Amino acid sequence: MEKIESTKNQKVKNWKKLLTRKGRNKAGQYLIEGFHLIEEAIRADVMIQCLIIREDVMNNEWVGRIESVEAYEISFEVASELADTETTQGIFAVLNIEEEKTETVEKPYLFLDAVQDPGNVGTLIRSADAAGFGGVVLGEGSADLYNPKTLRSTQGSHFHLSIINGELERWVESFQTKGYAVYGTALDERAVDYSSEKQTQPFGLIVGNEGAGVRSELLEVTDKNLYIPIKGQAESLNVAIAASILMFSIYQ
């Protein structure tokens, strides 16, 4: 196994580029960090291109169970260079960015309209997975799926359902053509209390930008727009919290 101690090593430079969107797009690869994400990748039968393991982690029993994967031992300095967390576990993996696949719609989909915070996007994906949704469509302006913070927030749920970059107008039209309802989220004259809606078949749910909400063009073409009554004095709910409430409530 090759041991890399210098941050100036070309492999380290290439791996570090995967922390940027430009670098990921150019290489067609992305970097995941930590035992949990790597274990989720293995469970999902995702091919690991290589493992990058800090020297003090090499004797970890978990690491010893991974076979037939190209691996590199790295120094603390190199691990710090690659880490996107303050307290890194010292283990990383390089994965290929897989071609997006649109599967037959058999479950609800969550549509994200310019949700910009990577943590919110990751949490929304995780909640969609937990609620039994079939996929998440990242509309224009939404955070990159492969942003390290997004990946950490998904906790591996991006391996379990379809994540697609797409134009939301087309997805709304496609769902409605198939006879599936599409819900927006808003506080306007058309909005109804979310608790009145229950679905057992596929539907679309649109949630919007943290500050601006869902675009008016989309709200005008939805079947219904939903709101969550605020019983206390909070002005609003975080988009990921609100979407989680709606997904679990609507989908039966």
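Visitor: Pockets first. What volume does the largest pocket have?
Guide: About 760 Å³. This is a predicted model, so treat that as a computed value.

Visitor: Which residues lie nearest its centre?
Guide: E98, H158, L161, S162 and I163. The lining of the largest pocket has 33 residues.

Visitor: And how does that lining divide by class?
Guide: There are 13 nonpolar, eight polar and 12 charged residues. Elements that supply at least two residues each include α2 (21-27) and β8 (162-165).

Visitor: How much space lies in the second largest pocket?
Guide: About 610 Å³. It is lined by 23 residues, and T185, L187, S236, L237 and A242 are the closest to its centre.

Visitor: Which element gives the most to that lining?
Guide: Helix α10 does, with three residues. β11 (204-208) and β12 (224-227) each supply at least two.

Visitor: What about residue classes in the second largest pocket?
Guide: The lining has 14 nonpolar, seven polar and two charged residues.

Visitor: Switching to salt bridges. How many are there?
Guide: The count comes to 17. One of them joins D84 and R152, at 2.8 Å from N to O.

Visitor: Where do those two residues sit in the chain?
Guide: D84 is in the loop between α5 (76-82) and β5 (91-96), while R152 is in helix α7 (residues 148-154). They are 68 residues apart, so the pair links distant parts of the chain. D84 is partly exposed at 38% relative accessibility. R152 is also partly exposed, at 31%.

Visitor: Which residues are joined into a network by shared partners?
Guide: K3, E5, E55 and E73. Within it, E5 pairs with K3, with the closest N and O atoms 3.6 Å apart.

Visitor: What about E40 and R43: how far apart are they in helix α3?
Guide: Three residues, which means about one helical turn separates them. Their side chains meet in a salt bridge at 3.2 Å, N to O.

Visitor: Is each one buried or exposed, E40 and R43?
Guide: E40 is buried at 9% relative accessibility. R43 is exposed at 58%.

Visitor: Last one, D113. Where is it found?
Guide: In strand β6 (residues 109-113). D113 counts as buried because its relative accessibility is 3%, and the cut-off is under 20%.

Visitor: What lies 2.9 Å from a polar atom of its side chain?
Guide: The backbone nitrogen of R215.

Definitions and conventions. Residues are numbered from 1 along each chain as its sequence is written. This is a predicted model: local features need pLDDT of at least 70, side-chain atom pairs count only at pLDDT 80 or more; totals for chains, interfaces and linings use all residues. Side-chain values use heavy atoms; hydrogens and water are left out. Helices (H or I, at least four residues) and strands (E, at least two) are DSSP runs, numbered from the N terminus. Buried means under 20% relative accessible area, exposed over 50%, partly exposed in between (1.4 Å probe, protein chains only). A polar contact is a pair of N or O atoms within 3.5 Å; within protein, one must be able to donate a hydrogen and the other to accept it, and residues adjacent in sequence count only if both atoms are side-chain atoms. On a 1 Å grid over the protein atoms alone, a cavity is a set of points where a 1.4 Å probe fits but cannot get out, and a pocket is an open set with protein on both sides within 12 Å along at least five of seven lines; lining residues have an atom within 4 Å of a point. Grid points are joined across faces, edges and corners, and a volume is the space filled by probe spheres set on the points. Ala, Val, Leu, Ile, Met, Phe, Trp, Tyr, Cys and Pro count as nonpolar, Asp, Glu, Lys and Arg as charged, and the others, Gly among them, as polar. A salt bridge is a side-chain nitrogen of Lys or Arg within 4 Å of a carboxyl oxygen of Asp or Glu.
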